[in-house]
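The following questions and answers are meant for a reader meeting this structure for the first time. Look at the sequence and the model, then read on.

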Amino acid sequence: MPILPALEESIEPSETGEATWLISVLGQPFTSNGIGALFKKWTKAAGLPEPCALHGLRKAACGRMAEQGLANHEIMALTGHKTLK
């Protein structure tokens, strides 16, 4: 997946080899529920409509990749989906 150099530099694993990029206030990686709740808080603060969710961003990305002609398994590899379901 093409990545801009500045983004690639910011997401490289840390000196300890950790590849976690989003850390909670407890110093731990977010759970899926935890990051979802925080995202909901951010969208509300930004004045976005209620149905905005991280899942929607992932779904939109999948749709755009499909429109560009990527195969299902290519999309799955990029978005972390384990099954076609």
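Q: How many disulfides does the structure hold?
A: A disulfide here is a pair of cysteine sulfur atoms within 2.5 Å. In general, the term refers to a covalent bond between the sulfur atoms of two cysteines. The number of disulfides in the structure is zero.

Q: What kind of model is this, and how are residues numbered?
A: Residues are numbered from 1 along each chain as its sequence is written, and side-chain values use heavy atoms, with hydrogens and water left out. Local features need pLDDT of at least 70, side-chain atom pairs count only at pLDDT 80 or more, and totals for chains, interfaces and linings use all residues, as this is a predicted model.

Q: Is Cys-62 buried or exposed?
A: Buried means under 20% relative accessible area, exposed over 50%, and partly exposed in between (1.4 Å probe, protein chains only). Cys-52, at 27% relative accessibility, counts as partly exposed. Cys-62 has 18% relative accessibility, so Cys-62 counts as buried.

Q: Which pattern does the protein chain follow along the sequence?
A: Helices (H or I, at least four residues) and strands (E, at least two) are DSSP runs, numbered from the N terminus. The protein chain has four helices and zero strands. Read along the sequence, the pattern is α-α-α-α.

Q: Which residues does Thr-43 touch, leaving out residues up to four places away in sequence?
A: Thr-43 lies in helix H2, residues 32–45. Its relative accessible area is 8%, so Thr-43 is buried. Contact means heavy atoms within 4.5 Å. With residues up to four places away in sequence not counted, Thr-43 touches Leu-48 and Cys-52.

Q: Which residue forms a salt bridge with Glu-50?
A: A salt bridge is a side-chain nitrogen of Lys or Arg within 4 Å of a carboxyl oxygen of Asp or Glu. A search of the whole structure finds one. Its closest N and O atoms are 3.5 Å apart, and the partner of Glu-50 is Lys-40.

Q: Where are the two residues of this pair, Glu-50 and Lys-40?
A: Glu-50 counts as exposed because its relative accessibility is 58%, while Lys-40, at 47%, counts as partly exposed. The pair links distant parts of the chain, 10 residues apart: Glu-50 is in the loop between H2 and helix H3 (54–67), and Lys-40 is in helix H2.

Q: What share of the 85 residues in the protein chain is buried?
A: The accessible surface of the protein chain comes to about 7,400 Å², by the Shrake-Rupley method with a 1.4 Å probe, where for residues only the protein chains shown count as cover. Carbon and sulfur atoms hold 61% of that surface. The buried share of the 85 residues is 11%.
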